[in-house]
Structures are given as C-alpha cells and as structure tokens.
Amino acid sequence: MAKDPVTLEEPKVSTEKYEVVHQKSEVFYPEYERKTDLRHQTHYCPGCGHGVVHKLIAEALEDLGLQDKTILVSPVGCSVFAYYYFDVGNVQVAHGRAPAAATGLKRACPDKIVISYQGDGDLAAIGTSEIIHAANRGEKIAVFFVNNAIYGMTGGQMAPTTLVGQRSTTSPWGRRPVNEGFPMHMAELISTLQTPVYVERVALSDNKNIMKARRAVRKALELQRDGAGFTFVEILSPCPTIWGKDPVDARKWVAEKMIPNFPLQVFRDRKVEIPNNNVPPHKTVAELVEGERQAAKDAMVTGRHHHFQHLGIKIAGFGGQGVLLLGQLLAEMGMREGLEVSWLPSYGPEMRSGSAHCHVALSKERIGSPVLSHPDVLIAFNEISLRKFAAEVVPGGTILYGREKLPEDLNIPQAQVICVPAAEIADKLGSAKVANIVLMGALLEETECLAATTARQVLEAKVKNLALLDLDCKALDAGRVYIDHTVSVGAVTQADGFAQ
Ligand SMILES: Cc1ncc(C[n+]2csc(CCOP(=O)(O)OP(=O)(O)O)c2C)c(N)n1
Ligand code: SF4
C-alpha cells in the first residue's frame, strides 16, 4: 500500500508566554545574504569565539551610537566574511594587511572609527610587521585580535600563538620550542612600544570573563570615539572544531591551558601625548587631485602637433644608468604637451647593475594598457638589452643603441638602428651620468615625438642643482647634434652605427 508523502511541518512554538530578552544588535544586518538559505545564521562553527566577539563589538557600537561612523576591516581567516554580518562600512583586505589598510582609511577619514579585526595567523604571522608598525606609529585604530592558538580557516596549522606541546597539522608531535620557538605574546610585545594608549588581554572562557571582554571592547571603542590613539584588545577565544572539542570543553581549554600561558591583564591604559609639530598641512584627497590637475594645466605646453596617435617607447639597461628616470622625464614631457601618458617600470631586486627597463606610452587617446609588447622605439643602453628586446620592436620601428657599433653578429632586419655612443659623449661633457639625457636628445631629434623646449622645461622643474642642470642641457643638445650629424653624413653602415 502506498504511503502518504511525509511532510515536514514548522514546529509550533508560541512566544506568547515568553518575553524575548536576547535580541540581535541593530548593528548586524537583519538578514545575512551570504547564502540563499540560512540567512539568520553566521558561517561560524557552534561554540566559536568569533561569534561572541562579533556580538560584543556590535553591541558596543550600537550603545555608543557609532554604527554610522564605523569602518570595519576584516582579515583573511575564519572571520573573512565579517562584512556579511556588520551593517557598517566594510573593507576586506589581504592576509595580514588589515592594520595597513586601517591606517589608510583612518588617515583619509579621520572622523571615522576604524576597526582592524584579526586572527592570530593573520596578525601574528603573516601580518607581524603591519601590526607592530601601526602600533608604533600610534595609528588611531581599534585592533581586536582573536587568539585561538591555531589557524582555523585552513584546517589547523600551527600559529605563532600555538601553545608548547599543542598539536597542529604542522606540529603533529606538539609544538617544541627547540624547533618552532615559544608562543608569541602579542599584547606584551605591543605594550613595550611608546605610543599605544590601551592594551588588554581578555578571554572567552566563562561568562565572567566574557563580561570583562565586553568592557574591554567597549573601552577600546570609547577611546576611538575620543580620538585617543592606538588600542589593542587580545581575546583568547575557543576554536572547538579545530581543537577537536565540544564547545563546553573548548571553553574549559581556554581557561585551563590558554590563560596560564597568556595572562589576562591590562598592559597599558594611559593617555599619550605625541608631539605634533612640523606636520604638513592636511589636505583631502579631492583637494590634492585638484591641485595636481591645476599644476598640470598650468605647466601644459599647448598647440604642439604630434605626428603619431600612439607611440610606445621601451627603455632598457642596467640599474643606475638612469633608465627609469629617462622614462619618467619622457612621460612628464608628454603630459606637458597634453598627451595621455603611462610609465611602467620593471627592475630586479638589485639597486645597481641589475637589469632595469620601463615602458612609456604617449598617446592622443586614453591608454588601455601600460604594457608594450611591441614598442615603436627601443632605447637600449647596453648589448644585453639590445639582444633581448630588439626583436620586439615593430617593423619600421626605431632602435637607439647606446654604443658606438652594433655587435657584428647581430642582424635586426625590421627596424632602423642608430648607434649613439652616449656614455662617451656624456664622459666628454664631464659626467657619464648624463648618458641617459644624451639618449633623450637623440630620441627627440630622431623621432620628433616631443619638443626639446619641453624637455628643457621638465629638466628645469626637476633638477634643482644648477651645475647638473647645465650639464643635462648640454647632454640634451649633444644627443640632438649627434643625430643631426649622423643623418647629414648619411652614409654610415650598419656596423658603424646606422642601419636601415
Ligand atoms: C597570502 C596568503 N597566505 C596564506 C593564506 C592562507 N590562509 C588563509 S586563512 C590563514 C590563517 C588564518 O588563521 P587565523 O588568522 O588564526 O584566523 P582563524 O581562521 O583562526 O580565525 C591562512 C594561512 C592566504 N589566504 N593568503
Ligand atoms: S574553525 Fe575554529 S575559528 Fe574557524 S569558525 Fe570554526 S571554530 Fe571558529
């Protein structure tokens, strides 16, 4: 006999007899839109401390009336989705970078309350330098540091805060100080710095301690409201799932194992006066952009006709030869002549002698990409760069090679190659340093892409040392004259310096 289909009925629970005393703070969204269903619950595991910390922060923001002024920076870690829950300004950042992002936000919007919410992997491992320097600068941000002694999100790797003897997937025999070092005490570390105004460690081990944590969270936010300075609250927090415990045992573990290792304490609670002299005048981003725009307009050389729609120039050589600077000067000149420009540098970790190149685009239209796969012009300061990039130049393009002769075995059929012994010319003028400006002069003369008068204006604006400016102007002229001479002599063969 066929059975009736089973239907699930909504459980009938009457709330008539009950008064609802626990309500969700209005700082949380009414519904969490992370998923199409389960819009009333977070993604946290049952018994996870993150949910409790969220609640403490939300209630404090609500009670202090700070919801509309708050920007919460959420980290990478289990709390990555905090922005789905808090109805405040939200930014989610790369792993460990929350204090750096919070710094930028607070400096750009000084009247906002900025919160950096971080786990122990995020704050004490990949983000160690960000948190220490933000604390040392005394950034006016509230950091809530949820220490659960493990990487929760990624399945339980050892964190800097993992206890001695505690097992993790990356310390399967238990953490051994001889191999992995001792746990890091971030609240203690930060309280050695001069600038923080408030540093406290609290725990979510039992209701009494949760009430203390509540007070600490509130106090940190009050201090932010009052513009006091850097505040740091470390919260020892259960992670039942990764610890392999039920929620009750996980709380016990916080009390019995974590607190003895990470003592609960107020490490710092004081007003700090930081001398505020010699601070540059504060301008808003809009004022700065407008100022730059006006300066660019004022400096613009108008009325020049450019014979190209788009010109791509690649400049390559060693670090220290002025490769990148030459690109910047050309871009600046292009701007002054009313063109769209881009400058894209690329260099190795070495400051000097490593390879360096840059792409400069000059265009009458907006530039789609600053990367030039096929430049119209290559300025190669040395043989390595010439060999590496010559084939990229477009057919009919131009190569300025900063040596007297081309290597004999090198054949570059598609482009016109002009050899300009820039270092020798610069040397004769008094300094090999201006070889890049010699090449700039050669480029302007050969391609007529930008005016020599603009080059002089840019040099005058950039070079403050008058002797050097004089040398640069001479180098510019010398590069131009060299091309004039080469072209007028005309009959120079490829191996000697000029090739078609
Ligand atoms: C640059 C980068 N490196 C590594 C990761 C992988 N990763 C994601 S979360 C995480 C650790 C999170 O641990 P914790 O900050 O303690 O937060 P919890 O999940 O325990 O709350 C790591 C290493 C990543 N997302 N990005
Ligand atoms: S893994 Fe741990 S920290 Fe992450 S949500 Fe679950 S209990 Fe919380």
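Which residues of helix 4 (residues 128–137) are buried? They are Glu 130, Ile 131, Ala 134 and Ala 135. Buried means under 20% relative accessible area, with a 1.4 Å probe and protein chains only. These residues lie on the same side of helix 4, because they cover an arc of only 120° around the axis. The arc is that of the directions from the helix axis to the C-beta atoms. An α-helix has 3.6 residues a turn, so residues three or four places apart point the same way.

What does this side touch? The buried residues of helix 4 pack against helix 2 (98–108), helix 3 (120–126) and helix 6 (186–190). They also pack against strand 3 (113–119), strand 4 (142–147) and strand 6 (231–236). Contact here means heavy atoms within 4.5 Å. After helix 4 comes Gly 138, with a positive phi near 70°.

This is a predicted model, where local features need pLDDT of at least 70 and side-chain atom pairs count only at pLDDT 80 or more, while totals for chains, interfaces and linings use all residues. Residues are numbered from 1 along each chain as its sequence is written, and side-chain values use heavy atoms, without hydrogens and water.

Now the whole protein. It has 16 helices and 14 strands. Both are DSSP runs numbered from the N terminus: helices are H or I of at least four residues, strands E of at least two. Of the 500 residues, 46% count as buried. Along its principal axes the C-alpha trace spans about 105 × 80 × 55 Å. Among contacts between residues at least 6 apart in sequence, 66% join residues at least 24 apart.

Note on methods: Chains are lettered from A and ligands numbered from 1 in the order in which they are written. Buried means under 20% relative accessible area, exposed over 50%, partly exposed in between (1.4 Å probe, protein chains only).
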